[in-house]
Amino acid sequence: KEVDIMEIHDGSQHSSATAVYARCELEDGSYSTTMLFSRSSLCPVDQCIPRNELQSSHLGATASYITKVALKGKVKNIYTFGDSMVALLWVVNKDLKLKSWAFARVQDIHRLVENAEHYWIKGVDNIADKATKGQVTVEDVKSESSWQNGLPWMYTSISTMKSEGTI
């Protein structure tokens, strides 16, 4: 059965992170979602937050590509979600004139996940936010947690996410 990759990323003042989830539609039309893996990185001290957000988008694209290769043809769609409108506009606007640092990352994102659909989500709906704020507990990441299983919006269709204003 084919799966969708849902990649959720976030950047903050000091770090960037991504979480990659596999999601498949069940026979009754509902969805099953579970985390496959996550990654994080520290950001340069003097780098602005929009660049850190773009760095998280790039980290997410790399993670999505690795997941797609590992799943060997079983990936139907790749969806990326982040809470930075600036980084999203950099990624989706191919005609935008960017400085070389941002341009290189945007080009690499398109190379890695060329057919991905990119969406903006509210910060409160961004699960990767847990990894960038520096206040994670064991309870936050245990097997029954939203970190492992995703947030409620991740169990709905893309059209429902759009109609409910989640994306």
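I started with Val45, which is exposed at a relative accessible area of 80%. I count a residue as exposed over 50% relative accessible area, buried under 20% and partly exposed in between, with a 1.4 Å probe and protein chains only. I located Val45 in the loop between strand 3 and helix 1. I also checked the spacing of Val45 and His14: the two are 31 residues apart in sequence, and their C-alpha atoms are 6.7 Å apart in space.

*Ground rules.* I am working with a predicted model, in which local features need pLDDT of at least 70 and side-chain atom pairs count only at pLDDT 80 or more, while totals for chains, interfaces and linings use all residues. I number residues from 1 along each chain as its sequence is written, and my side-chain values use heavy atoms, with hydrogens and water left out. My helices (H or I, at least four residues) and strands (E, at least two) are DSSP runs, numbered from the N terminus.

*Entry: the strands.* I asked in what sense strand 1 and strand 2 pair, and over how many bridges. They pair in the antiparallel sense, over eight bridges. I call two strands paired if DSSP finds at least two bridges between them. I picked out Met6 and found its bridge partner, Tyr21, in strand 2. Strand 1 and strand 2 form a hairpin, and I noted three residues between them.

I then followed strand 2 to strand 3 (residues 31–42), where 11 bridges join the two in an antiparallel run. Here I noted that Ser15 has Leu42 as its bridge partner in strand 3. The hairpin of strand 2 and strand 3 has five residues between the strands, and in it I found Gly29 with a positive phi near 90 degrees. I also looked at the cover of strand 2: this strand is mostly covered, with 10 of its 11 residues buried.

*Entry: helix 1.* I checked the length of helix 1, which has 22 residues. At 1.5 Å a residue (the expected span is 1.5 Å times one less than the number of residues), the helix should span 32 Å, and the 31 Å between its end C-alpha atoms agrees.

I listed buried residues of helix 1, among them Asn52, Leu54, Leu59, Gly60, Ala63 and Thr67. What covers the buried residues of this helix? I found that the cover includes strand 1, strand 2, strand 3, strand 4 (75–82), helix 2 (85–92) and helix 3. I count a contact when heavy atoms are within 4.5 Å.

I looked at Tyr65 too, which is found in helix 1 (residues 49–70). Tyr65 counts as partly exposed, at 38% relative accessibility. Together with Ile66 and Val69, Tyr65 forms a nonpolar patch on the surface, with about 260 Å² of accessible area for the three. For patches I take residues with over 30% relative accessible area and no salt bridge, joining like charges within 9 Å and nonpolar side chains (Val, Leu, Ile, Met, Phe, Trp, Tyr) within 5 Å. Accessible areas come from the Shrake-Rupley method with a 1.4 Å probe, and for residues only the protein chains shown count as cover.

Lys72 has a positive phi of about 45 degrees although it is not a glycine. Is Lys72 buried or exposed? Lys72 counts as exposed, at 70% relative accessibility.

*Entry: salt bridges.* I found four salt bridges in the structure. My cut-off is a side-chain nitrogen of Lys or Arg within 4 Å of a carboxyl oxygen of Asp or Glu.

I began with Asp4 and Arg23, whose side chains meet at 3.5 Å, N to O. The pair links distant parts of the chain, with Asp4 in strand 1 (residues 3–11) and Arg23 in strand 2 (residues 15–25), 19 residues apart. I found both Asp4 and Arg23 buried.

I turned next to Lys133, which forms a salt bridge with Asp10 at 3.6 Å between the closest N and O atoms. Lys133 lies in the loop between helix 4 (129–132) and helix 5 (138–141) and Asp10 in strand 1, so the pair ties together parts that are 123 residues apart in sequence. Lys133 is partly exposed, at 45% relative accessible area, whereas Asp10 counts as buried at 1%. I also noted a network of salt bridges that links Asp10, Asp129 and Lys133.

I ended with Asp108 and Arg111, a salt bridge with the closest N and O atoms 2.6 Å apart. The two are three residues apart in helix 3 (residues 100–112), a separation of about one helical turn. I noted Arg111 as exposed, at 56% relative accessibility.
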